[in-house]
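Please prepare a short report on the fold, the surface and selected residues of the structure shown below.

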Amino acid sequence: QVQLVESGGGLVQAGGSLRLSCAASGSTLSNYAIGWFRQAPGKERDFVAAISRSGGSSDYADSMKDRFTISRDGAKNTVYLQMNSLKPDDTAVYYCAARGAPSYRYYTKNYEYAYWGQGTQVTVSS
């Protein structure tokens with residue numbers, strides 16, 4: 001069983017950047033497809049980005065395609081979410097999630113994931 005820990009959140013001005021990390025323990029992250037989700041106060045948990053086990057396939061929510069990049073570093077057992085051109089609407093708690101999968105698959109629905117981190121707060125000021 002894998003344990004996930006997110007980090008890298010914080011307070012940033014609109015137009016700024018942050019890089020979130022999702023580190024794993026208890027298992028090798030390369031065994032899992034990874035997704036990033038976010039939840040703003042009073043709202044549902046929404047899909048942000050996903051990447052396959054191999055790293056060769058990825059997907060993004062439409063509003064993030066040109067601003068966010070998901071990547072994985074097998075040597076560091078970590079998945080990253082690079083977020084650029086941040087907007088106040090990006091303010092949320094960001095979660096990473098993992099599930100076993102074929103090497104080429106990624107998943108975009110939160111119910112498809114078995115393991116979740118505790119989340120990291122991202123606040124974008126205007």
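The protein chain has 11 strands and 0 helices, where helices (H or I, at least four residues) and strands (E, at least two) are DSSP runs numbered from the N terminus. Read from the N terminus on, the elements run β-β-β-β-β-β-β-β-β-β-β. The radius of gyration of the protein chain is 13 Å, close to the 14 Å that the globule rule gives for 126 residues, so the chain is as compact as a globular protein of that length; the radius is taken over C-alpha atoms, and the rule is 2.2 Å times the number of residues to the power 0.38. Taken along the principal axes, the C-alpha atoms fill a box of roughly 40 × 30 × 25 Å.

This is a predicted model, in which local features need pLDDT of at least 70 and side-chain atom pairs count only at pLDDT 80 or more, whereas totals for chains, interfaces and linings use all residues. Residues are numbered from 1 along each chain as its sequence is written, and side-chain values use heavy atoms, with hydrogens and water left out.

Of the 126 residues of the protein chain, 41% count as buried; buried means under 20% relative accessible area, exposed over 50%, and partly exposed in between (1.4 Å probe, protein chains only). The protein chain exposes about 6300 Å², and carbon and sulfur atoms supply 43% of that area, as computed by the Shrake-Rupley method with a 1.4 Å probe, where for residues only the protein chains shown count as cover.

Contacts, meaning heavy atoms within 4.5 Å, were also sorted by separation along the sequence: among those between residues at least 6 apart, 61% join residues at least 24 apart. As for charge, the protein chain carries 13 positive and 10 negative side chains, and the centres of the two sets lie 5 Å apart. Here Lys and Arg count as positive and Asp and Glu as negative, with His and the chain ends not counted, and the place of a charge is taken as NZ of Lys, CZ of Arg, CG of Asp or CD of Glu.

**The disulfide**

With a disulfide defined as a pair of cysteine sulfur atoms within 2.5 Å, the count comes to 1. The disulfide joins Cys22 to Cys96, with an S to S distance of 2.1 Å. The pair links distant parts of the chain, since Cys22 lies in strand β3 (residues 18–25) and Cys96 in strand β9 (residues 92–100), 74 residues apart. The link of Cys22 and Cys96 is right-handed, with 70° about the S-S bond, and both Cys22 and Cys96 are buried.

**Residues in the loops**

Two residues stand out by their backbone angles. Most residues other than glycine have a negative phi. Asn77, which is not a glycine, has a positive phi near 55°, and its place is in the loop between β7 (68–73) and β8 (78–83). Ser85, also not a glycine, has a positive phi of about 50° and sits in the loop between β8 and β9. Asn77 is buried, with a relative accessible area of 17%, whereas Ser85 counts as partly exposed at 41%.

Ala75 is found in the loop between β7 and β8 and is exposed, with a relative accessible area of 81%. Asp66 is placed in the loop between β6 (58–60) and β7, and Asp66 is likewise exposed, at 80%. Ala61 is also found in the loop between β6 and β7, but Ala61 is buried, with a relative accessible area of 16%; leaving aside residues up to four places away in sequence, Ala61 touches Phe47 and Val48. Lys109 belongs to the loop between β9 and β10 (115–116) and, at 40% relative accessibility, counts as partly exposed.

| Pair | Separation in sequence | C-alpha to C-alpha distance |
|---|---|---|
| Lys109 and Phe37 | 72 residues | 9.1 Å |
| Ala75 and Gln118 | 43 residues | 23 Å |
| Asp66 and Glu6 | 60 residues | 22 Å |
| Ala61 and Gly9 | 52 residues | 19 Å |
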